[in-house]
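Thanks for coming. I will walk through one structure, part by part, and take comments at the end.

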Amino acid sequence: CRVLVLISGNGSNLQAIIDGCDDNVQAEVVGVISNNPEAYGLIRAHQNEIDTSCVIAHQDETRSEYDERLLSAIEQYQPDLVVLAGFMRILTDELVMRFEGKMLNIHPSLLPKYTGLHTHQRAIDAKDVEHGASVHFVTPKLDSGPVILQAKVPVYEDDTAEVLAERVNEQEHAIYPLVVKWFSQQRLKMQNGAAVLDGNEL
Ligand code: GRF
C-alpha cells in the first residue's frame, strides 16, 4: 500500500506512521507533501529517505487553483492512501471526492464534538472530563466524515490547552498507525458513507 502523507508542521503523526510501517506491515510512506516549507516533518521525511514536495500557496490564488496544483503533486506518488496529518488547509470538495474512501484525517477531538480549530481550549472551557482524538475518512464536510477510531484522555482541572494537546498527541501516535495498517490490510473501507472494519460498520 503506497501511503502519501500531507503535513504542515511538526509531523509527529507522520513519524508515528513511518515507525508503524515496519516489516510486518504492507504499507510504505512513499512521499510527504507540505504546504509549509519550514515544516519540521520535512526533516523527518528526509531522515527516513522519503521523497518530499512542497506545494506553497501563491498570493491571489483561489482554493481550486491551489488544489489543482496539489492534486498534480499527489498524483506523482500514485498513492493508494492519502493521510492528512496536521495538514492545515481545507480541501475543495473536488479534491476530497477524487480520493473518496482513500483519504484519512486525524482530528484532535472526540468527534462529532469540536470540529474546526482550538479544540483543546474548547474542551477545557466546556469543563469536559474527557477529550481525545479521532481518525476518520475525509468527506467534503469538514471534520465530519465517518469516524474509524478514537482515543480518549482525561482532562484535569489545571490543564492548559498545551498540556492537554500533548496528552492527546501522544494517543494520536497510537491510533493513526493502527488505522493505516488496517487500511493496508484491506480490512478497512468506506461503504455507503460509513466506516467498515472486517465487514462490520464502526
Ligand atoms: C495533531 O494534533 C492533529 O490532530 C492535528 O494537527 C496536529 C498535528 O501534529 N490535525 P503533528 O504535526 O503530527 O505533530
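Predicted model: local features only at pLDDT ≥ 70, side-chain atom pairs only at ≥ 80, totals over all residues.

Which residue stands opposite Gln-191 in β9? The residue is Ala-194.

β8 and β9 are joined by four bridges and run antiparallel. They belong to an open sheet of three strands, in the order β8-β9-β10, with antiparallel pairing. β8, residues 188-191, and β10, residues 200-201, are the edge strands, and each of them pairs on one side only.

The loop between β9 and β10 holds Asp-198. Phi of Asp-198 is near 50°, which is a positive value in a residue other than glycine. As for its surroundings, Asp-198 has 10 C-beta neighbours inside 10 Å, so it counts as exposed. The cut-off for that word is 12 or fewer.

There is another residue of this kind. Gln-186 sits in the loop between α6 and β8, and its phi is near 60°, again positive in a residue other than glycine. Gln-186 counts as exposed because it has 10 C-beta neighbours inside 10 Å. I point these out because most residues other than glycine have a negative phi.

Now the other sheet. In what order do the seven strands of the open sheet come? The order is β3-β2-β1-β4-β5-β6-β7, and the pairing is mixed. At the edges are β3, residues 52-54, and β7, residues 147-154, each pairing on one side only. From one strand to the next, the twist averages 20°.

I will take β1 as the way into this sheet. Strand β1 covers residues 2-7, and four bridges join it to β4, residues 81-84; the two run parallel. Within that pairing, Val-3 stands opposite Leu-81 in β4. β1 is also joined to β2, by six bridges, and this pair runs parallel too. Here Leu-6 has Ile-33 of β2 as its bridge partner.

Why is β2 described as largely enclosed by the rest of the structure? Strand β2 is residues 28-34, and five of its seven residues are buried, so the description follows from that count. Buried here means 20 or more other C-beta atoms within 10 Å.

Next, helix α6. It has 24 residues, and from its first C-alpha to its last it reaches 34 Å, close to the 34 Å expected at 1.5 Å a residue. There is a bend of about 25° in α6, at Glu-172. Glu-172 is also one of the buried residues of α6. Others on that list include Leu-164, Val-168, Ile-175, Tyr-176 and Phe-183. After α6 comes Gln-186, the residue with the positive phi near 60°.

Glu-157 is exposed, because it has 7 other C-beta atoms within 10 Å. Glu-157 and Val-129 are 28 residues apart in sequence, and in space their C-alpha atoms are 8.6 Å apart.

For another pair, take Arg-98, which lies in helix α4, residues 93-98. Arg-98 and Cys-54 are 44 residues apart in sequence and 20 Å apart in space, C-alpha to C-alpha. With 16 other C-beta atoms within 10 Å, Arg-98 is partly exposed.

Leu-111 and Pro-112 are joined by a cis peptide bond, with omega about 10°. Pro-112 is in the loop between β5 and α5, the latter being residues 119-125. In general, most peptide bonds are trans.

Last, the ligand. How many residues surround the ligand? There are 16, and the closest are Asn-10, Ser-12, Asn-13, Gly-86 and Pro-108. The elements that give two or more residues to this shell are α1 (12-20), β5 (103-107) and α6 (161-184). α1 has the largest share, with three residues. By type, the residues of the shell divide into six nonpolar, nine polar and one charged.

α6 bends at Glu-172, and α6 is among the elements that give two or more residues to the shell around the ligand. That is the end of my part.

Key
Residues numbered from 1 in each chain as written. Near = placed C-beta within 6 Å. Nonpolar A, V, L, I, M, F, W, Y, C, P; charged D, E, K, R; others polar. Expected span 1.5 Å × (residues − 1). Bend = angle between axes of the 7 residues up to and from the residue. Pairing = 2+ DSSP bridges. Axes fitted to C-alpha atoms, helices over the stretch in contact; angles between N-to-C directions.
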